[in-house]
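Hi everyone, thanks for coming.

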Amino acid sequence: MADGISGPDLVAGDKLSGVSTYEYDVVIVGAGPAGMCAGMYAGRAMLKAVVLERGFPGGELLNTELIEDYPGFESVLGHELAEKFHTHAAKFGAEFRTSVTVEKVKRLDDGTFETVADNGDRYLSPTVIVTAGGTPVKLGIPGELEYAGKGVSYCAICDGAFFRGHTIAVVGGGDAATEEAYFLTRYAEKVYLVHRRDSLRSSKILQQRLFANPKIEVIWDSVVEAAVGDAAGLLNTLKLHNLKTDERRDLKATGLFVFVGFRPNTGIIADHVNHDDMGYIVTDPHMQTSIRGLFAAGDLRSQLTRQVTTAVGDATTAAIAAEKYLKLIKDGQPEVAIENAGGYSA
Ligand code: NDP
């Protein structure tokens, strides 16, 4: 096991290939709210922890304009909260490595985890916390991929400003669609919310705000069947289908924002891990997966809801449980139940 928090233990480096092997106590995959919180707790426990992130620290916070449901912050910009999380975790000693895409997490025969990055670097650790979140679900309709970036988007905060004065549509009926439709009225002249049923599943407070906004019109019981563009290759029409009346019609719109859920990023786990019907990882109350020593936290975990608050709650438990697991290994009792390990040290 590595000791101290004074920098990576480079245990092997291959000069020819440039591939290196590092040792940590805990490797955290993903730097969204869950990953950053796990990093903070691991750092406080004086564990040698690294957080591997394919982009920048922040995760879904970077795709959300305003956060209004994080206790203590009545209203905070997503990227500001991300910065605060990052600074806080780094202050307690968590090491962040950005632009590192994890390709595989595998438990080796001796129980050590091998986390392999896209550049071939290997990170060895007795425990891993996977907080890799999810990827936006696509509609899978004709034109969706063709007009991606030319009208079709999955990120309101990234692309909203391109639609100043435009008429656009948002698809979905969950928190993301409801919140982002509202956000997009900052730029768009008119926002249609196209939902396949006759009621939204989003929280009541978000619905209330949506219905009160005169720029938003909900198109109920309908799906977008195709996205069609103009000669210049830009989206200009959506083919709508009302599932109740079976009516089909064209809707003129230059933007299509799709918020129909997330698919958990679980593909990096090399071995079979228990998951639910939707593919979300099932954990025990300590956030431990069906693989001993592998913990999961945040949006890729099977649970009732996925919020910043639940992500950090998961991560707190996962980091503390990981610390207890490390203590069991140190004491030569790797198979003993985590709740029977010694106390949390932070
Ligand atoms: P959800 O799974 O909550 O909602 C997905 C929506 O898309 C549903 O309304 C669903 O319809 C609809 N849908 C799914 N597939 C299709 C399809 N093929 N065609 C048309 N419509 C489709 O996902 P979200 O991304 O909204 O939210 C994910 C999680 O993140 C939730 O737990 C949510 O609470 C949380 N979240 C919280 C936020 C906040 O609190 N500020 C902000 C954003 C997300 P149907 O209802 O018929 O199933």
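Let's start with a term: a residue is buried if 20 or more other C-beta atoms lie within 10 Å of its own, exposed if 12 or fewer, and partly exposed in between, with C-beta atoms placed from the backbone. Before I use that, two housekeeping points. What you're looking at is a predicted model, where local features need pLDDT of at least 70, side-chain atom pairs count only at pLDDT 80 or more, and totals for chains, interfaces and linings use all residues. Residues are numbered from 1 along each chain as its sequence is written. When I say helix I mean a DSSP run of H or I with at least four residues, and a strand is a run of E with at least two, both numbered from the N terminus.

OK, the overall layout. The domain assignment gives us domain 1, which is 9–135 + 262–340, and domain 2, which is 152–258. Those bounds come from an automatic or database domain assignment. Taken over C-alpha atoms, the centres of domain 1 and domain 2 are 34 Å apart.

So where does the ligand lie? It lies between the two domains, because domain 1 and domain 2 both give residues to the shell around it. There are 21 residues surrounding the ligand, and the closest are Gly 173, Gly 174, Asp 175, Ala 176 and Val 260. Being near here means that the residue's C-beta atom, placed from the backbone, lies within 6 Å of the molecule. By class, the shell has 8 nonpolar, 6 polar and 7 charged residues. For those classes, Ala, Val, Leu, Ile, Met, Phe, Trp, Tyr, Cys and Pro count as nonpolar, Asp, Glu, Lys and Arg as charged, and the others, Gly among them, as polar.

Which helix gives the largest share of that shell? That's α4, residues 175–184, with 4 residues. Let's stay with α4 for a bit. 8 of its 10 residues are buried, so α4 is largely enclosed by the rest of the structure. The buried ones are Ala 176, Ala 177, Thr 178, Glu 179, Glu 180, Ala 181, Tyr 182 and Leu 184. They pack against several elements, including α3 (156–159), β14 (167–171), α5 and β20 (255–258).

Leaving aside neighbours within four places in sequence, Thr 178 is in contact with Leu 200, Ser 202, Leu 206, Gln 207 and Leu 210. Contact means that the C-beta atoms of two residues, placed from the backbone, lie within 7 Å.

That brings us to α5, residues 204–211, whose axis comes within 9 Å of the α4 axis, the two crossing at roughly 35 degrees. Axes here are lines fitted to C-alpha atoms, for helices over the stretch in contact, and angles run from 0 to 180 degrees between N-to-C directions. The α4 and α5 crossing is left-handed. On the α4 side the contact uses Asp 175, Thr 178, Glu 179, Ala 181 and Tyr 182, and on the α5 side Leu 206, Gln 207, Arg 209 and Leu 210. Those residues divide into 4 nonpolar, 2 polar and 3 charged.

Now for another helix pair: α1 (residues 33–44) and α6 (residues 308–330). Their axes come within 8 Å and cross at roughly 35 degrees. This crossing is right-handed. Left-handed means the near helix is turned anticlockwise from the far one by less than a right angle, and right-handed means clockwise. Among the residues making the contact are Cys 37 and Tyr 41 of α1, and Val 312 and Ile 320 of α6. The contact divides into 14 nonpolar, 1 polar and 1 charged.

Met 46 has a positive phi of about 60 degrees although it isn't a glycine. You'll find Met 46 in the loop between α1 and β4 (49–52), and with 16 other C-beta atoms within 10 Å it is partly exposed. Asp 246, also not a glycine, has a positive phi of about 70 degrees. Asp 246 sits in the loop between β18 (235–242) and β19 (248–252). Is Asp 246 buried or exposed? It's exposed, with 7 other C-beta atoms within 10 Å.
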